[in-house]
Amino acid sequence: SYSFCTLLGQKMLSRVARSVGGAVRCYCVAAPSAGMDRDPRCYLQSNEQLMYLKSPRTLMFKAETAVDLAAELMDSLHMYKDNPKKCLAIIDAMSAVMCMTLDPAEFVRTLHPREEYRSHAERAYAEVNTHLGHLNTSRVVYEPIIKLCEPENWEQLSPEDKQLVRTLKDDMESIGMNLSPQRAALTQALMTKLETLVENTFSLEDRNKDMTFVISEILSTRHELATTMGYDSYVSWMLRNTLAESPLAVWTLLLKLADKISASAMEELQTLIELRDSISSVKPRDPFTVTDSELRDLIPIYKNRTYGDVDSEMTEFLSVFNVWRGIEIMCQEVFDLTLKEVEMEMNEKYDKNLMKYEVLDAKGNLLGVIYADLLSRLGKPEGTGHFTIQLGCDFSEAASSDLDIIAPENNRILPSVVFTCNCTGDYREDFEPSPITGELPPKKLDRLLITPNDAVSMFHEFGHALHTLLGQTKYQILSGTRSSMDYVEVFSQLFEVYARDYRSLRKWAIHYEDNIPVTRDVVDRMNSAECSFSNLQQLDEILTALVDLVYHGPRPFVYFTLDKTTGSLKVHEVPEGCEDPKSLRALLADTVTPITVTELGNARSLYLTQLIHYPGTYYSYTYSRIIATAIWNKYLEKEPFSLNAGAAIKAVMAKGASATPKALINQLVSTSAEDLLESI
């Protein structure tokens, strides 16, 4: 996500990672109804009632209004060119005004059940995005930002002001604003080429075609783009402003983690070898290990033999209603927040199963609004996620003083999000369509059962949604989850534990028939099955991350190994002939995992997809999981429902991206590799 637009180099991620922080950030200008004249001097209005859903065309009028209002704000930049601090407020407001359409349009074009709404939202998104391209390359916007970096101006800024300046400067320079015209033009051309290449991979994936050649083109184009921007590699460019901060820090943590869990992984390997030898009469090529393909086949067999079909047992306690109730309990007993269901206006209820909740603090103050769109429907995207409708931020009187805009109550824009799942599951009740309309009645959430993995996903994605709702920053650009992937995934992975820990589950996981709480035995078996080969699986995830780091690293390709005596890293150049995916995986596997890489296992791996969708950032899941574990162990392991612990975590989440990721996490735990690995 970026202050004005999602960069071309990042836009390609939207199909697979829309829920990671949302596309952009906004507060909302009310759109005129169809047939009214557009007027950019309109009232600023909350988006809580989804006013743009009154008709399919409303978003288009909203987009035109946003463009006009942004033009007026741009004119005011000219007026205040000698007042850079006021220019800063105007730039943030201009970003918010433009994004007021992009966030709703992204939500509507993806999630709305009616095609006419989706098509108008697509047009609205395209219109605003085109205008954003002009703003993103405007010297009128860029020059005040540079002026604020001058010492006499910098000293007058608050810490949050400085973070906003750094963010804006980095965003605009990410598309070449600081480069010569020739290099800036090359940067734009390379980004356009990348977008085309990545779109081509989507069609290849859909047709199960070989993507090797196009991935090679993507990698070389990314490297050229990074060097044009002045970086030694694409991964160095991607890791700026992240929690990890540098590729070497990532290599260090991943290799030291691999070393720490290697002994446990060898024990798991021996278990799999014994299982394979007991069920197969075919003599293995190497009797002392298993292949990556065998690993994927043997683990489910072991779990079923050892723990039975425990997931099916657990599913009978996991109705959608129960899981949502578990989320409500976590909010109440950890973060002192109440989710209060409220009635909706007619235009808000775009689906008959939609629910609306106000998020209230301990004093009953409204913090934001969440729409819960939990059940499946025809055409609804798979998976769980959240869409930002607007972010929490202060209303900028300084930016709007020359425009006829009325400020919201208390000068505060409240956040609102749509939390979406596609719960199908096992519906334990027969019901018939209406004899009049032919429609099925709304499903009873206490009769729709989902798997343990689906329950974990709901808690995970609610972590992102709550991160957005807790945003208390001054500026919308810095609110919510607008930060690095390795940072925002920390809290969502932390929340997952509440779908696994018995002390949480016993509060809300009750059987769909007799309302008896789940037993510790079932939960323990579920967790034991889940963790049966967690060390080997973690090493496989590390291996995929290392492949990503090598391919997006310097040229010629290099990799690192850990000197276990000194704890330092040694750098090696990838040998000639080992640059292809299978050979590189085999080379790196020898350094981190006892599992043998094969052609079949290589084909079954998702690492090629990860190279496309998470360039230089696939490490984030492991990195953030380590930090989430450290936070859990320090604050919540002894008492998962501690309000004091929740207050400490909530205080950091509320700061959004108003400080660097490392500075924020350091308020909870140390981020040094040694301290983190010691704490888990």
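**View 1. The largest nonpolar core of the predicted model.** The largest nonpolar core holds 147 residues, and those with the most contacts inside it are Trp-324, Ile-370, Leu-374, Met-458 and Phe-462. Helix α12, residues 247–279, gives the most to this core, with 13 residues. A nonpolar core is here a set of buried Ala, Val, Leu, Ile, Met, Phe, Trp, Tyr and Cys residues joined through side-chain atoms within 4.5 Å, where buried means under 20% relative accessible area, exposed over 50% and partly exposed in between, with a 1.4 Å probe and protein chains only. Apart from this core lies another, of 56 residues, among them Leu-50, Leu-135, Leu-168 and Val-369. In soluble globular proteins, nonpolar side chains tend to be buried together.

This is a predicted model, in which local features need pLDDT of at least 70 and side-chain atom pairs count only at pLDDT 80 or more, while totals for chains, interfaces and linings use all residues. Residues are numbered from 1 along each chain as its sequence is written, and side-chain values use heavy atoms, with hydrogens and water left out.

**View 2. The surroundings of Ile-370.** Leaving aside neighbours within four places in sequence, Ile-370 is in contact with Trp-324, Met-355, Lys-356, Tyr-357, Val-359, Val-417, Phe-419, Phe-462, Ala-465 and Leu-469, contact meaning heavy atoms within 4.5 Å. Two of these partners, Trp-324 and Phe-462, are named together with Ile-370 among the residues that have the most contacts inside the largest nonpolar core.

**View 3. The protein chain as a whole, for orientation.** The secondary structure of the protein chain comes to 28 helices and eleven strands; helices (H or I, at least four residues) and strands (E, at least two) are DSSP runs, numbered from the N terminus. Of the 680 residues of the protein chain, 57% count as buried. The accessible surface comes to about 28,200 Å², of which 50% belongs to carbon and sulfur atoms, as computed by the Shrake-Rupley method with a 1.4 Å probe, only the protein chains shown counting as cover for residues. Among contacts between residues at least 6 apart in sequence, 75% join residues at least 24 apart.

**View 4. The crossing of helices α12 and α13.** The axes of α12 and of helix α13, residues 292–307, come within 10 Å and cross at roughly 85 degrees, which makes α12 roughly perpendicular to α13. On the side of α12 the contact is made by Thr-271, Leu-272, Leu-275, Arg-276, Ser-278 and Ile-279, and on the side of α13 by Glu-294, Leu-295, Leu-298, Ile-299, Ile-301, Tyr-302 and Arg-305. These residues divide into eight nonpolar, two polar and three charged, where Ala, Val, Leu, Ile, Met, Phe, Trp, Tyr, Cys and Pro count as nonpolar, Asp, Glu, Lys and Arg as charged, and the others, Gly among them, as polar. The axes are lines fitted to C-alpha atoms, for helices over the stretch in contact, and the angles run from 0 to 180 degrees between N-to-C directions; angles under 35 degrees count as roughly parallel, over 145 as roughly antiparallel, 65 to 115 as roughly perpendicular and the rest as oblique.

**View 5. Backbone details in two loops.** Most residues other than glycine have a negative phi, and most peptide bonds are trans. In the loop between α11 (234–238) and α12, Asn-241 has a positive phi near 60 degrees and is exposed, with a relative accessible area of 52%. Glu-245, found in the loop between α11 and α12, has a positive phi of about 80 degrees although it is not a glycine, and Glu-245 is partly exposed at 45% relative accessible area. A cis peptide bond, with omega about -5 degrees, joins Arg-555 and Pro-556, and Pro-556 is placed in the loop between α21 (534–551) and β10 (558–562).

**View 6. Ser-620 and Leu-668, two buried residues.** Ser-620 lies in helix α25, residues 620–636, and has a relative accessible area of 1%. Leu-668, in the loop between α27 (661–665) and α28, has a relative accessible area of 2%. Its contacts, leaving aside neighbours within four places in sequence, are with Phe-491, Ile-631, Lys-634, Tyr-635, Ala-648, Ile-649 and Val-652.
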